[in-house]
Amino acid sequence: PAKDHISLRGIGSEPQTAAVYSTAGVKIIEQTVADGSVINISHLPEGVYILRCGNRVAKIVKQL
């Protein structure tokens, strides 16, 4: 579970686009990232989200 941010590791040094989606498929956040980047999710309500970065997809659980 994540609370305030998501740290991205192992995605390579080349910049990529990362996006966070609601479970309904609505894009909430999009930013350019590289290995070690952080995505701020502190403003999101508690719930489940989908993170897509390049060809990788992960589930995020936001807790208060």
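A search of the whole structure turns up 1 salt bridge, meaning a side-chain nitrogen of Lys or Arg within 4 Å of a carboxyl oxygen of Asp or Glu. This is a predicted model, where local features need pLDDT of at least 70 and side-chain atom pairs count only at pLDDT 80 or more, while totals for chains, interfaces and linings use all residues. Residues are numbered from 1 along each chain as its sequence is written, and side-chain values use heavy atoms, with hydrogens and water left out.

**Charges**
- The salt bridge joins the side chains of Lys27 and Glu30, at 3.0 Å from N to O.
- Lys27 has 43% relative accessibility, so it counts as partly exposed (between buried, under 20%, and exposed, over 50%, with a 1.4 Å probe and protein chains only).
- The chain has 7 positive and 5 negative charges, and their mean positions lie 6 Å apart (Lys and Arg are positive, Asp and Glu negative; His and the chain ends are not counted; each charge sits at NZ of Lys, CZ of Arg, CG of Asp or CD of Glu).

**Fold**
- You get 0 helices and 6 strands here (DSSP runs: H or I of at least four residues, E of at least two).
- From the N terminus, that reads β-β-β-β-β-β.
- Of the contacts with a separation of 6 or more, 48% link residues 24 or more positions apart (contact: heavy atoms within 4.5 Å).

**Size and surface**
- The C-alpha trace spans about 30 × 20 × 15 Å along its principal axes.
- Buried residues are 30% of the 64 in the chain.
- Accessible surface comes to about 4100 Å², 50% of it from carbon and sulfur atoms (Shrake-Rupley, 1.4 Å probe).
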